[in-house]
Structures are given as C-alpha cells and as structure tokens.
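Reader: I am new to this structure and would like a guided look. Could we go through it step by step?

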Amino acid sequence: MPTSDRPLRKLGFLTIGLFDPDDPAAGHESTLRMIELGERLGFDSAWLRHRHLQFGISSPVAVLAAASQRTERIELGTAVTPLGWENPLRLAEDLATVDVLSGGRLNPGVSVGPPMHWDDVRTALYPDTAEVEDFSYARVERLQRLVRGERATTFRGPEGIVEEWSDRVEPHSPGLADRLWYGGASLRSATWAASAGMHFLTSSVLKVEGETPPDFATLQREQIDAYRDGNPSGRVSQGLVVIPTDSATPEQRSRYEEYAAARLPRTREPQGPGRMLFSPDLVGPSEELVDRLHAHAGFQAVDEVVFALPFSFGPDDYTQILTDTAERLGPALGWSPLG
C-alpha cells in the first residue's frame with residue numbers, strides 16, 4: 001500500500017463535465033478551467049468520461065484538444081471511451097492528433113461492449129451495419145494496431161500533382177500506443193488487458209461473478225492481482241469517488257454526506273442483470289480518508305489513483321475538493337505535487 005516507504009506516486013482526477021443544454025459553452029469552459037486548476041495544484045493527470053446523448057461531455061477528445069492548448073504539463077486521459085460508439089480508424093486519427101498537440105500527454109482509456117441503450121440508439125448509430133458490428137475485444141485490437149502505425153490501406157504514394165498518401169494513420173505519434181489503457185470491470189477484462197499489453201483502469205463499478213459476491217474492495221483487489229499476474233510491468237490506476245471535506249463549509253459537508261448516503265443502497269448488493277457492484281463514496285476529512293484508503297484492499301495494491309469528482313456539484317465545490325485533495329489528502333498519502 002502507499003506508505004512513507006512506498007508513497008502514492010500519481011494522483012489524478014476524473015470528471016464527466018456538466019452543462020446547461022441552453023448554454024453548453026459555459027459548462028465546457030468550466031471543465032477546461034478545472035483542468036487548468038488541476039495543473040496549478042500539481043495533479044499528475046486529468047481524465048474525462050464520455051456521456052453520449054446526455055448533458056455531459058460527449059466528445060472528450062475534442063475537449064482535451066482544447067485543454068492541451070491551455071496546459072503544459074498535466075497528462076490528459078479518457079476514462080473511458082466506449083469503443084462501441086467509435087470507428088477505430090477515425091478514433092486513432094483523433095487520438096494521434098491530440099497527442100501531437102499536447103506534446104505526448106494523452107492517455108486514452110477505452111472499453112468494449114454494445115453501446116448503452118443499444119436497442120434505442122442502434123438505428124441512429126449503425127443504420128446499415130448494426131447486425132454485424134463487432135463489440136468484442138477485437139475492436140480494441142484494431143485500435144491498437146492503427147495507433148501503432150500498422151498498415152491501414154493497401155495504397156500509398158503520390159497521386160496527381162500535390163497529393164501524397166500514407167498507408168498508416170496520420171499523424172503518427174510515437175509512444176501513444178504505449179499509453180493505451182483498458183477500463184475493465186470484470187476479472188476477464190483484467191486478464192485480457194494484461195495479455196494485450198495495455199494499462200488497466202479499475203473504477204468504482206465492478207462486475208460480480210459468482211453467487212456470493214465479496215465486498216467491493218476484495219473484488220477489486222482480485223482483479224488487480226489477476227492483471228498484475230499477466231502484466232507485471234503494466235500500470236494500474238484505481239478510481240473511486242473520494243471527497244475530502246477539510247476546507248468545506250458546513251453546507252458543503254452536509255450536501256456531500258447526503259449525496260453519498262443517497263448512493264449507498266446500491267453498494268449493498270449487485271445491481272441489474274449485469275450484476276454490477278458499486279463502491280461506497282468516501283467522504284470526510286483527509287485524516288479519516290487516509291485511514292479508510294489504507295484499509296481498502298484495492299488501494300493497497302496500487303500506487304496511482306484517479307479520484308472521480310461527484311456528479312452534479314458546482315464549480316466552487318469542485319475547486320474545494322480538488323484543492324483539499326492536492327494540498328491535504330494527497331500529501332497525507334505520500335504524494336508530492338508536480339510543479
């Protein structure tokens with residue numbers, strides 16, 4: 001576990017972004033300012049989560065392109081891009097472009113499976129190919145090959161007077177393929193990510209396999225250990241909702257506690273046909289959170305984290321949470337901010 005001898009090495013944060021549908025620019029600007037704040041506070045990374053057909057960030061890669069021009073050091077990631085919504089070749093072009101613009105700071109995280117609400121969206125998303133689309137790990141493998149610069153077409157060379165064709169995705173960004181992450185919720189995904197040579201993102205939602213589910217922390221630790229057995233040199237990042245309250249106002253503390261309490265029932269047993277188990281949100285002063293994290297079996301197995309900001313809070317709340325995380329919780333876990 002992160003201790004004085006093995007401190008927390010990397011600290012990041014994750015947001016879904018939020019906006020008013022009548023004024024989306026303000027919400028996106030707020031997200032960009034949050035990333036700028038994260039850099040000033042010394043965070044190692046900022047991550048965006050996809051929210052297709054919702055009032056959150058539907059195109060993290062586009063937002064991260066903007067963030068790359070307003071920051072200099074902080075790493076920028078997606079956690080995660082659901083590949084069921086993407087053409088791997090087009091996504092590879094976008095990822096490489098943003099990686100070049102950022103100076104090699106992009107950390108794309110992806111996952112597979114049918115898009116959410118597949119029966120409702122399939123006609124709009126794949127009107128002609130819905131029946132044959134492959135939502136398996138093979139879709140990730142296609143993305144890997146294209147990002148690595150393997151052949152994408154059988155034609156290359158000059159055409160006409162000015163056009164020059166490449167047979168690989170352009171721009172090519174060396175090193176990007178080594179920064180691909182897989183966001184997994186199951187033991188199968190953990191072992192597959194290891195075999196594919198990808199880094200592994202494990203979050204606050206996991207799939208229960210078996211009749212008697214272990215507690216969330218034990219389940220997460222089993223998946224981390226399975227990944228490390230297959231890829232000892234790969235990176236693992238843990239994502240939980242962690243809300244320090246050191247400098248929060250009494251009103252903020254009360255609201256944070258109510259938020260966590262309202263979400264607590266879903267942590268007691270697997271939810272839905274997918275049998276998904278949610279982690280309890282952690283709320284409290286940093287001193288208390290350190291003890292709770294050190295007792296968490298999943299946290300004990302990692303040295304980098306991406307703590308998720310809670311949904312539906314305001315800019316002042318996020319500023320307080322990020323500031324306390326960087327200035328109090330992180331250092332208490334042995335982390336040192338980057339300047």
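**A first walk through the model**

Reader: What should I know first, and which strand does phenylalanine 200 pair with in S10, at valine 236?

Author: This is a predicted model, in which local features need pLDDT of at least 70, side-chain atom pairs count only at pLDDT 80 or more, and totals for chains, interfaces and linings use all residues. Residues are numbered from 1 along each chain as its sequence is written, and side-chain values use heavy atoms, with hydrogens and water left out. As for the pairing, phenylalanine 200 has valine 236 as its bridge partner in S10. Helices (H or I, at least four residues) and strands (E, at least two) are DSSP runs, numbered from the N terminus.

Reader: How many bridges join S8 to strand S10?

Author: Three bridges connect S8 with strand S10 (residues 236–238), and the two run parallel. Two strands count as paired if DSSP finds at least two bridges between them.

Reader: And what lies on the other pairing, between S7 and S8?

Author: Strand S7 (residues 181–183) is also parallel to S8, joined by three bridges. Within that pairing, tyrosine 182 has phenylalanine 200 as its bridge partner in S8.

Reader: Which helix belongs to the unit with S7 and S8?

Author: Helix H6 (residues 187–195) does; S7, H6 and S8 form a right-handed β-α-β unit. Right-handed means that, with the strands pointing away from the viewer, the path from the first strand over the helix to the second runs clockwise.

Reader: Are the faces of S8 covered or exposed?

Author: Both faces of S8 (residues 199–202) are covered. His199 and Leu201 on one side, and Phe200 and Thr202 on the other, are all buried. Buried means under 20% relative accessible area, exposed means over 50%, and partly exposed lies in between (1.4 Å probe, protein chains only).

Reader: Changing topic: where is phenylalanine 311?

Author: Phenylalanine 311 sits in the loop between strand S14 (304–308) and helix H10 (315–332). Its relative accessible area is 28%, so phenylalanine 311 is partly exposed.

Reader: What does phenylalanine 311 touch?

Author: Leaving aside residues up to four places away in sequence, phenylalanine 311 touches Ile16, Leu18, Arg49, Arg51, Tyr259 and Tyr318. Contact here means heavy atoms within 4.5 Å. The C-alpha atoms of phenylalanine 311 and tyrosine 259 are 9.2 Å apart, although 52 residues separate them along the chain.

Reader: How many salt bridges are there?

Author: The count comes to 22 salt bridges, where a salt bridge is a side-chain nitrogen of Lys or Arg within 4 Å of a carboxyl oxygen of Asp or Glu. One of them joins the side chains of glutamate 304 and arginine 9 (2.9 Å, N to O). That pair links distant parts of the chain, 295 residues apart: glutamate 304 is in strand S14, and arginine 9 is in the segment before strand S1 (10–15).

Reader: Is glutamate 304 buried or exposed?

Author: Glutamate 304 is buried, at 4% relative accessible area, whereas arginine 9 is partly exposed, at 40%.

Reader: Which residue forms a salt bridge with arginine 255?

Author: Glutamate 251 does, with the closest N and O atoms 2.7 Å apart. Elsewhere, salt bridges that share partners join Arg9, Arg235, Asp303 and Glu304 into one network.
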